[in-house]
Amino acid sequence: MLKKAIAFSFLVSSTVFACEVTLPYHLIVLGPDSQSSIVKTEGCPAKVETDLREILMSVEGKISAIQIQDMLLQKSNEGVTVTPPSIHVKQLSSLIRDQLQLPAGIHVKSTSGFNYNNIILLSPGDMVEVECASCLFGTAQPLKLSIKGFDGVNRTVMATADFKKMVRAYRFTISVNSFAEIKPRDILREVYVESIPHTDLVTDLEKVKFYKTNKSIKAGELLRLADLNAINLVRAGLKTEVILENTMVRIKTQGISRSNGSLGELVEVFHQEKNKKYLGKVIDLNKVLVEL
């Protein structure tokens with residue numbers, strides 16, 4: 001019985017760690033990789049190699065073999081031995097952020113090698129400089145990686161990067177009904193999201209108080225101009241404050257509005273005492289600005 005137990009223990013120990021992985025000491029990840037030959041495996045299922053590539057896409061810095069083994073065990077449910085004892089991983093996206101002066105709100109969306117493997121090897125002491133000579137910070141921007149070898153040998157690798165512009169937006173923290181007033185402090189949370197052309201995200205809450213929702217909106221949705229209807233700040237037949245203004249003077253008076261008007265709309269206001277009409281822009285509740 002004891003001999004069987006020993007034999008079983010030997011069998012388990014020899015199979016659990018039958019999968020062996022050998023990695024380079026120092027590498028740069030340019031982008032998602034599916035064909036690089038730098039990952040060496042022996043006695044491993046195909047899934048281990050796939051999972052290992054995903055791990056290399058997500059880590060950075062000095063990573064120990066034990067950490068990689070634990071991550072592979074969680075993903076592949078495989079006992080794996082990894083050599084060397086540690087590796088050093090650099091992500092191209094991080095090098096871009098560190099070395100290029102990105103405009104405000106611009107972030108790296110994705111990177112990829114250009115006619116080159118997406119994982120490249122470095123030798124100890126190699127220095128990497130990233131250059132984007134004519135970046136417009138859009139999609140498929142060309143990058144040049146100058147690798148200056150510690151041994152004096154230099155080489156150049158080309159890559160591309162997609163950049164994204166992040167803009168301020170506001171997300172609903174609770175659901176609201178149609179025709180509800182917007183109370184920013186109670187129902188909205190400031191977030192930054194990727195700017196998408198032709199979207200009408202509300203990026204400034206200063207004037208939201210002049211609008212109501214035109215439909216029910218669920219919690220988690222972003223606030224858009226299309227979700228809002230302007231409130232009539234000026235109503236026909238009611239007394240309205242009129243501000244007469246030019247570069248030299250600013251005069252306040254009152255009149256009677258001849259029509260309803262929401263923020264930014266033009267309305268006619270009649271001044272009874274002067275028997276005069278003014279055409280002005282609605283700027284606030286019961287306020288009209290007339291530029292002289």
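I started with C132 and C135, which form a disulfide (a pair of cysteine sulfur atoms within 2.5 Å), their sulfur atoms 1.5 Å apart. The torsion about their S-S bond is about 80°, so I noted the link as right-handed. C132 is buried at 14% relative accessibility, and C135 is buried at 17%. Buried means under 20% relative accessible area, with a 1.4 Å probe and protein chains only.

This is a predicted model, where local features need pLDDT of at least 70, side-chain atom pairs count only at pLDDT 80 or more, and totals for chains, interfaces and linings use all residues. Residues are numbered from 1 along each chain as its sequence is written, and side-chain values use heavy atoms, without hydrogens and water.

I then looked up C19 and C44. They form a disulfide with sulfur atoms 1.9 Å apart. It is right-handed, with 100° about the S-S bond. C19 sits in strand β1 (residues 19–22), and C44 in the loop between β3 (40–42) and α2 (46–58), 25 residues apart. Strands are DSSP runs of E, at least two residues; helices are runs of H or I, at least four; both are numbered from the N terminus. C19 is buried at 2%. The chain's count is two disulfides, in the pattern 1-2, 3-4.

Strands pair if DSSP finds at least two bridges between them. β17 (residues 250–257) and β19 (residues 266–271) run antiparallel, joined by two bridges. S257 stands opposite V269 in β19.

Last, I checked confidence: pLDDT (the predictor's confidence in each residue, from 0 to 100) averages 88 over the chain, and 93% of the residues score at least 70.

Note on methods:
Buried < 20%, exposed > 50% of the residue type's maximum accessible area, 1.4 Å probe, protein only.
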